[in-house]
Structure formats: C-alpha cells, structure tokens
2 protein chains.
Amino acid sequence: MGRAAARASEIEVRIELKPGVIDAEAESVEKSLGLLGIAPVPHVSTARVFVLRFPGVSGRDARRLAEEAVERLLANPVIHRVHVRPLGRA
Amino acid sequence: MGRAAARASEIEVRIELKPGVIDAEAESVEKSLGLLGIAPVPHVSTARVFVLRFPGVSGRDARRLAEEAVERLLANPVIHRVHVRPLGRA
C-alpha cells in the first residue's frame with residue numbers, strides 16, 4: 001500500500017432545510033433568544049454537518065461514497081438541500 | 001436610519017462535541033452506513049450550525065450578540081467546542 005493510500009480523505013456534508021420548510025429548531029431558538037432579552041432577535045436558520053473521514057480512499061472515491069451516503073441515509077431530497085465539499089486529505 | 005443600518009449582519013455558529021465526548025449520532029450513522037454496504041465505512045463526526053441574521057446591526061455588534069447567544073443558550077461549555085464566524089453583510 002503506497003503512502004497516498006494510507007492517508008484519509010475527508011468530505012463535509014452540510015444539510016439544510018429547503019426554503020419553505022418549517023425549521024422548528026430555529027423558531028425555538030428565536031423564541032428563546034427573545035425571552036433572554038437578546039435584541040434585536042436574529043433570524044435563525046440551522047444546518048446539520050457530517051464530516052466523513054475515509055481511510056485509504058482517494059478524494060474522488062471519497063466524494064462518490066459520501067454522495068451515496070447522502071442519497072441513501074443522510075438526506076431527504078423532499079425537504080433537504082445538501083452541500084458536499086471535500087476538505088482534503090489528512 | 002442610514003443605508004448601512006438597514007442591512008443585516010450574518011454570523012455562523014458551528015457547534016461540535018469536544019474530543020472524548022461520545023457522538024451518539026455519528027456512531028449511529030457509521031453503523032447504518034456499514035449495514036448499507038458502504039465500504040470502507042468512514043469515521044463520522046457531526047456538528048450543528050446556526051446562522052444568525054441580525055437586521056440593522058453592525059458586524060461587530062452582531063458578533064457580540066452571537067457570542068452572548070452561544071453562552072446563554074446554544075452551547076454547553078462542558079461538552080461543546082464552538083466556532084463563531086462572520087459571514088458578512090447582506
């Protein structure tokens with residue numbers, strides 16, 4: 001196994017709600033910030049991030065595997081908008 | 001109110017678990033990816049992102065308010081590592 005193959009490729013998957021989908025957690029945060037007296041209360045939106053670290057996998061293969069993970073497990077295309085971004089090799 | 005004040009400042013707050021704190025959601029994702037046959041199974045870590053959009057607030061004040069929101073509501077310093085990052089003005 002070459003040196004390159006022993007390293008790991010990292011992919012960041014960021015999952016947001018599509019515009020128009022109610023972000024209940026964000027609404028709850030806005031309400032709480034108002035109750036705490038933070039003024040002006042900001043508009044809040046949320047996202048979930050998964051960092052996938054693939055050992056011994058090329059950047060290209062890692063991206064493909066991450067996209068498969070998004071499609072089959074991490075995101076629901078009806079309500080989610082997804083950004084997949086390589087973080088490089090470590 | 002000047003033109004600058006009518007704009008909004010956006011701050012991104014990214015909340016991760018500190019090293020050593022068990023990331024149950026990440027473990028669940030790893031297990032599921034294995035069951036789905038994705039190979040090699042990546043090491044997974046998760047983060048929660050809040051984007052706070054403050055209307056009519058300077059970048060500096062927005063950052064201060066975001067840090068207050070982190071301290072009083074969004075994060076638990078015992079288990080969380082927090083990154084606060086200005087996204088600029090929109």
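This is a predicted model: local features need pLDDT of at least 70, side-chain atom pairs count only at pLDDT 80 or more; totals for chains, interfaces and linings use all residues.
**Entry 1: the layout of chain A**

I began by listing the secondary structure. Chain A contains three helices and three strands. Next I looked up how spread out the chain is. For 90 residues the globule rule gives 12 Å, but the radius of gyration of chain A is 18 Å, well over that value, so chain A is more spread out than a compact globule. I also noted the box that the C-alpha atoms fill, which is roughly 60 × 30 × 15 Å along the principal axes.

How much of chain A is buried? I found that 36% of its 90 residues are buried.

I then looked up the contacts in chain A with a separation of 6 or more, and 77% of them are between residues 24 or more positions apart. For charge, I noted 14 positive and 11 negative side chains in chain A. The centres of these two sets are 8 Å apart.

**Entry 2: two copies**

I reminded myself that two copies of a chain are related by a rotation about an axis and a shift along it. What rotation takes chain A onto chain B here? I found a rotation of 180° with 0.0 Å of shift along its axis, and the RMSD of the superposition is 0.0 Å. The two copies are therefore related as by a two-fold rotation axis.

Which residue of chain A comes closest to that axis? My note says A:Arg48, with its C-alpha at 2.5 Å. I also saw that both copies use the same surface, since 100% of the contact residues of chain A recur in chain B.

**Entry 3: a cis peptide bond in each chain**

Most peptide bonds are trans. I was pleased to come across a cis one between A:Ala39 and A:Pro40, with omega near -5°. Where does A:Pro40 sit? I located A:Pro40 in the loop between α2 (24-35) and β2 (43-55) of chain A.

I checked chain B as well. B:Ala39 and B:Pro40 are joined by a cis peptide bond, with omega about -5°. B:Pro40 is in the loop between α2 (24-35) and β2 (43-55) of chain B.

**Entry 4: A:Ala66**

I found A:Ala66 in helix α3 of chain A, which covers residues 59-74. Is this residue buried or exposed? A:Ala66 has a relative accessible area of 0%, so I put it down as buried. Leaving aside neighbours within four places in sequence, I listed A:Ile11, A:Leu52 and A:Phe54 as its contacts. I also looked up A:Phe50, which is 16 residues from A:Ala66 in sequence and 9.8 Å away, C-alpha to C-alpha.

**Entry 5: B:Val44**

My next stop was B:Val44, in strand β2 of chain B. Its relative accessibility is 3%, so B:Val44 counts as buried. Which residues does B:Val44 contact, leaving aside neighbours within four places in sequence? From chain A I listed A:Phe50, A:Val51 and A:Leu52. From chain B I listed B:Ala26, B:Val29, B:Glu30 and B:Leu33. For B:Glu10 I noted a separation from B:Val44 of 34 residues in sequence and 28 Å in space, C-alpha to C-alpha.

**Entry 6: A:Arg72**

I ended with A:Arg72, which is in helix α3 of chain A. The relative accessibility of A:Arg72 is 42%, so I recorded this residue as partly exposed. Not counting residues up to four places away in sequence, A:Arg72 touches B:Leu36 and B:Ile38.

Technical notes:
Residues are numbered from 1 along each chain as its sequence is written. Chains are lettered from A and ligands numbered from 1 in the order in which they are written. Side-chain values use heavy atoms; hydrogens and water are left out. Helices (H or I, at least four residues) and strands (E, at least two) are DSSP runs, numbered from the N terminus. The radius of gyration is taken over C-alpha atoms; the globule rule is 2.2 Å times the number of residues to the power 0.38. Buried means under 20% relative accessible area, exposed over 50%, partly exposed in between (1.4 Å probe, protein chains only). Contact means heavy atoms within 4.5 Å. Lys and Arg count as positive and Asp and Glu as negative; His and the chain ends are not counted. The place of a charge is taken as NZ of Lys, CZ of Arg, CG of Asp or CD of Glu. Copies are superposed by least squares on the C-alpha atoms of residues with pLDDT of at least 70 in both.
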